[in-house]
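Here are a few exercises to work through with the model open beside you. Try each task on your own before you read the solution.

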Amino acid sequence: MTGSGTDRTRPAVQAAAPIVILVEPQLAENIGMCARAMANFGLSEMRLVAPRDGWPSGGGLKKGATAAASGATHILENARLFASAAEAVADLNHVLATTARERGQMKRVLTPAEAMPEVAGRVGGGERVGILFGRERIGLTNEEISLADAILTFPVNPAFASLNLAQAVLLNGYEWFKTTGGEPPFRENNPSPPAKREMILSMFDYLESELDLCGFFPPGKKPVMTANLRDILHRLDMTEQEARTLRGVFKSLVEGPKKARLLARQAGEPEQSED
């Protein structure tokens with residue numbers, strides 16, 4: 001479920017990070033969704049360049065942006081407003097510009113995965129780094145891209161390369177967080193230790209002896225088939241609990257029919273054929 005993993009008792013990530021700069025965003029809802037994507041991955045500073053519908057400076061945030069932010073209102077409350085992209089990047093040391101189109105400019109072109117290690121090094125060294133995101137419909141102008149040191153673009157289906165604004169912010173945020181040591185909120189929890197070899201071999205012996213009794217192995221084929229069977233089970237990389245469970249399954253398959261016949265005899269019912 002969306003948002004179901006949020007733990008509001010944990011403090012927000014406060015480490016230095018790239019600044020997200022939205023150039024002339026058209027809808028308050030998009031600004032809110034960008035704030036939400038930023039909060040997901042430890043980005044906290046947003047700059048807004050001439051939002052189409054303006055931006056509140058004293059009367060509270062727009063309802064649509066707040067709702068779309070889904071709790072990331074601290075980012076909206078601290079967002080700074082600028083009249084132009086040039087003003088928004090004036091105090092920064094390094095700037096990246098996002099675009100889905102080739103612009104003919106002599107700049108390095110990087111994916112977020114390629115760019116973020118360098119960005120992390122710059123931020124770690126005390127530099128201020130910003131990422132420019134363009135308008136929902138037309139993106140950044142060539143003049144705005146000329147303000148950047150490099151271009152960021154995404155490895156997407158060239159037949160459908162369009163991303164919405166929040167998606168673009170989220171992809172960059174994800175690569176940033178991954179590069180700087182971000183961990184998933186939980187890992188698999190399996191308290192059972194790996195099965196010891198003696199437990200696995202005992203299970204093999206039991207299974208193979210029962211297969212022998214029921215005539216599973218054709219004449220002369222047992223060594224090869226046994227090796228293949230063991231290879232299949234070894235690939236499961238079982239824990240102790242899994243090995244016990246699987247042996248119990250085998251035992252039930254062997255002894256279950258015997259128990260059913262005994263119970264049927266005791267109840268005076270006709271025994272079912274195993275055919």
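**Exercise 1.** Is Glu-127 buried, partly exposed or exposed, and with which residue does Glu-127 form a salt bridge?

*Solution.* Start with the cut-offs: buried means under 20% relative accessible area, exposed means over 50%, and partly exposed is in between (1.4 Å probe, protein chains only). Glu-127 has a relative accessible area of 28%, so Glu-127 is partly exposed. Next, look for a salt bridge, that is, a side-chain nitrogen of Lys or Arg within 4 Å of a carboxyl oxygen of Asp or Glu. Glu-127 makes one with Arg-122, and the closest N and O atoms are 3.0 Å apart.

Before going on, a word about what you're looking at: this is a predicted model, where local features need pLDDT of at least 70 and side-chain atom pairs count only at pLDDT 80 or more, while totals for chains, interfaces and linings use all residues. Residues are numbered from 1 along each chain as its sequence is written, and side-chain values use heavy atoms, with hydrogens and water left out.

**Exercise 2.** Which side chain meets Arg-122 in a salt bridge of 3.1 Å, N to O?

*Solution.* The partner here is Glu-118. Now check accessibility: Glu-118 is partly exposed at 26%, and Arg-122 is partly exposed at 25%.

**Exercise 3.** What does Glu-175 pair with in a salt bridge, and is Glu-175 buried or exposed?

*Solution.* Glu-175 pairs with Lys-178, with 3.3 Å between the closest N and O atoms. Because they are three residues apart in helix H7, about one helical turn lies between them. With a relative accessible area of 14%, Glu-175 is buried, whereas Lys-178, at 45%, counts as partly exposed. The whole structure holds 14 salt bridges.

**Exercise 4.** How do H5 and H7 pack, and at what angle?

*Solution.* First, find the helices: H5 covers residues 112–124 and H7 covers residues 165–179. Their axes (lines fitted to C-alpha atoms over the stretch in contact, with angles from 0 to 180 degrees between N-to-C directions) are 9 Å apart, at an angle of about 55°. Then sort the angle: under 35 degrees is roughly parallel, over 145 roughly antiparallel, 65 to 115 roughly perpendicular, and the rest oblique. That is why H5 and H7 are oblique to each other. Last, look at the contact, meaning heavy atoms within 4.5 Å. From H5 it includes Met-116 and Val-123, and from H7 it includes Glu-175 and Trp-176.

**Exercise 5.** How are H1 and H7 arranged, and which residues meet?

*Solution.* H1 (residues 28–40) packs with H7 at an angle of about 15°, their axes 8 Å apart. The two helices are therefore roughly parallel to each other. On the H1 side you'll find Asn-30, Met-33, Cys-34, Ala-37, Met-38 and Asn-40, meeting Leu-165, Ala-166, Val-169 and Leu-170 in H7.

Methods:
Helices (H or I, at least four residues) and strands (E, at least two) are DSSP runs, numbered from the N terminus.
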